[in-house]
Amino acid sequence: MAAVYQALHWRFSSLACRLHSTYVRKMRYLNQLKEDDSLCRQAQTSGTFYLFHNLSPFLQKVGKKYLVPQLSAAETRQILGKLQEAEQWMEKSVLIGCSDEHRPHFALDLGALDKSVIEAELQGSFTDLRKALFVVNRKDSPLLASAQSLLQWHNSHQYCSRTGQPTEKNPAGSKRVCHASGVTYYPQVSPVVITLVSDGSRCLLARQPSFPPGMFTALSGFCDMGENVEEAVRREVAEEVGLEVQSLRYSASQHWPFPSSSLMIACHALVGEQRAEISLDTLELEEARWFGLEEIVEGLKREPSSSKQDDGSFLPWFPPKQAIAHQLIREWLQQQSAQTA
């Protein structure tokens, strides 16, 4: 009887394991690393490391491609060992994910060390994140963004807001604790709405003075305290371009590390064609205008380097594929093309 029970138990256990997808097992493993300090420290010995220097990720250029090297724990220690800082710096790493095979990924910022030594040793360079996000492949881009955001959060939360005493991070970097007050701090994100406004036949794009010459994008702004997404979209459109939204629909979301770990909530908004006259808020925007279908098609083809004209002016161009604003513009284009087909 015991043998029968044992066989049934093994069968059900095996079935339960198979029912759990790779994704579920991966998420549960990551949660274990966040909750179990000793398990996380053990994982650091077999994990891979992404290096940063003052929040700029380390990249290697191979031909025309930019690669994001993953260093083993041994390789990372070897580099740090030459600077006589190995163990002290390994403890500063933060967990940012893992492979399907449960090999954990960590990010480590070496901002206080001489970056020229590291760059020479690894034959690469620390690159500003704004550039890095658009030159690496689409798989590495979100990982670098989340890593930089988490590292930046730790840099800005080293002291307790109640007591002024130092806070201590757990090995995974998923929280910081003030032992004097018992307060636990967790990383947070700021919700931002990004909205492509349309009057049915045109879409509205704008630019700020700080943008690269010629670049136009969708309207965006932080959600105010107590607002829902719909209210934030309507307020931002009214504030920035003086238009009243009739209806809106959600598209997608994207984490964005600027200015400090934002969650971009992308929406399409429709305004009345008879009330589509733009009233620009010059405190926030330099320019906003309506774009027709042909202008959008040409703008999506145009590279920033080719937008400058002989008279010094710039033809419009739009955010690259990695940005969610690009997705909004593409979706609008597909909808318009379907309607005119």
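Predicted model: local features only at pLDDT ≥ 70, side-chain atom pairs only at ≥ 80, totals over all residues.
Figure 1. Six aromatic pairs are counted. One of them, Phe-49 with Phe-106, is stacked, with 5.3 Å centre to centre and 20 degrees between the planes. This pair links distant parts of the chain, 57 residues apart: Phe-49 belongs to strand S1 (residues 48-53) and Phe-106 to strand S6 (residues 104-109). Both Phe-49 and Phe-106 are buried.

**Figure 2. The pair of Phe-58 and Phe-126.** The ring centres of Phe-58 and Phe-126 are 5.3 Å apart and the planes stand at 65 degrees, so the pair is edge-to-face. Distant parts of the chain are linked here, with Phe-58 in strand S2 (residues 56-62) and Phe-126 in strand S7 (residues 125-126), 68 residues apart. Phe-58 and Phe-126 are both buried.

**Figure 3. Ring cluster and charges over rings.** Phe-134, Trp-256 and Phe-258 are linked into a cluster by ring pairs. Lys-92 lies over the face of Trp-89, 5.3 Å from the ring centre. Over the ring of Phe-291 sits the charged end of Arg-289, 3.9 Å from the centre.

Figure 4. Arg-176 is buried but has no salt bridge; Glu-168, the nearest side chain of opposite charge, is 8.2 Å away. The Arg-176 side chain makes polar contacts with the side chains of His-154, at 3.0 Å, and Thr-167, at 2.8 Å. Other residues touched by Arg-176 include Trp-153, Val-183 and Tyr-185.

Figure 5. Arg-207 counts as buried because its relative accessibility is 7%, under the 20% cut-off. A polar atom of its side chain lies 3.4 Å from the backbone oxygen of Phe-211. Among the residues that Arg-207 touches are Pro-212, Met-215, Leu-285 and Glu-287.

Key
Residues numbered from 1 in each chain as written. Heavy atoms only, no water. Buried < 20%, exposed > 50% of the residue type's maximum accessible area, 1.4 Å probe, protein only. Polar contact = N/O pair within 3.5 Å; in protein donor to acceptor, adjacent residues only side chain to side chain. Contact = heavy atoms within 4.5 Å. Lys, Arg positive; Asp, Glu negative; His and termini not counted. Salt bridge = Lys/Arg side-chain N within 4 Å of Asp/Glu carboxyl O. Phe/Tyr/Trp six-rings, centres within 6.5 Å; stacked < 30°, edge-to-face > 60°. Helix = DSSP H or I, 4+ residues; strand = E, 2+ residues; numbered from the N terminus. Lys NZ or Arg CZ within 6 Å of the ring centre and 35° of its normal. Lists of a residue's contacts leave out its neighbours within four places in sequence.
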